Amino acid sequence: MTQKEVMQNRQKHYQEVCENLAKNKYTPENATVSILKANILALVIALPFMILFIGLFLILHSEINDIKELFEIFKSSKCLVIIIAMIVSIPVHEFLHGLGWHLFCQKSWSSIQFGVMWESITPYCYCSEAVSLGQYYIGLLSPFVVLGIVISIIAICIGSISWLIIGLYNILLAGGDLTIACILLKYIKNKANKKILDHPSECGCVVFLK
Ligand SMILES: [Zn+2]
């Protein structure tokens with residue numbers, strides 16, 4: 001199936017889900033963001049987490065806070081391992097979204113699609129079923145927690161700069177997800193019934209309220 005056909009099928013299925021939710025008296029609200037805004041916000045939101053972990057690392061491992069020593073790593077063979085880990089992180093990141101969301105989909109993995117938007121060389125994971133806000137958050141933030149937070153904490157515990165770089169990179173990689181998570185924050189206090197559906201073509205999702 002070509003990418004165009006995949007998009008057409010997705011759009012068609014998305015319309016069907018929207019119509020079903022509309023029949024059940026749900027009203028949609030867009031929680032999407034433009035690619036440019038997403039990239040800028042991603043950096044702004046990811047930065048405090050990165051500063052926090054760098055700060056913690058430097059405080060707990062004062063023996064390696066010599067900047068020269070810190071940059072030695074870029075001359076060593078570890079550099080290649082870090083680059084490979086960074087490349088591998090990208091598909092693993094998308095897989096973790098799917099792993100989180102498939103648990104809450106009636107059709108399990110059948111409702112999860114993986115692919116690459118070749119125009120922007122951006123890999124994606126798309127969930128075609130509407131899930132609750134909490135369930136959406138679990139799938140959305142799985143890569144940030146597992147690859148970003150957990151790896152950074154392990155790096156701090158074992159004092160590994162290599163792992164810290166991989167953890168920080170993954171926090172940055174999850175910046176777009178953090179942006180969507182922030183946009184969705186306002187719905188947490190909303191007492192209405194909520195269903196969240198991934199947007200078929202834009203960055204973000206649609207919130208259905210009843
Ligand atoms: Zn993501």
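The protein chain has seven helices and five strands; helices are DSSP runs of H or I with at least four residues, strands are runs of E with at least two, and both are numbered from the N terminus. The model is predicted, so local features need pLDDT of at least 70 and side-chain atom pairs count only at pLDDT 80 or more, while totals for chains, interfaces and linings use all residues. Residues are numbered from 1 along each chain as its sequence is written.

Starting at the N terminus, the order of elements is α-β-α-α-α-β-β-α-α-α-β-β. The C-alpha trace spans about 65 × 40 × 30 Å along its principal axes. Of the 210 residues, 30% count as buried, that is, with 20 or more other C-beta atoms within 10 Å of their own, the C-beta atoms being placed from the backbone.

Now the strands. Strands of a sheet pair through backbone hydrogen bonds, either parallel or antiparallel. Here, two strands count as paired if DSSP finds at least two bridges between them.

Seven bridges connect β1 with β5 (residues 203-209), and V33 is opposite C203 in β5.

Next, β2 (residues 112-117) and β3 (residues 122-127) run antiparallel and are joined by six bridges. M117 has T122 of β3 as its bridge partner. The two strands form a hairpin with four residues between them, and I121 in the turn has a positive phi of about 45°.

Last, a helix pair. How do α4 and α6 pack, by angle and by distance between axes? α4 (residues 78-102) and α6 (residues 161-173) pack at about 30°, with axes 10 Å apart; axes are lines fitted to C-alpha atoms, for helices over the stretch in contact, and angles run from 0 to 180 degrees between N-to-C directions. That makes α4 roughly parallel to α6, a term for angles under 35 degrees.

The contact (C-beta atoms, placed from the backbone, within 7 Å) involves residues including V81, I82 and M86 of α4 and I165, I166 and L173 of α6. Its residues divide into eight nonpolar, four polar and one charged. Ala, Val, Leu, Ile, Met, Phe, Trp, Tyr, Cys and Pro count as nonpolar, Asp, Glu, Lys and Arg as charged, and the others, Gly among them, as polar.

Methods
Parallel < 35°, antiparallel > 145°, perpendicular 65-115°, else oblique. Contact = placed C-beta atoms within 7 Å. Buried ≥ 20, exposed ≤ 12 C-beta atoms within 10 Å, placed from the backbone.
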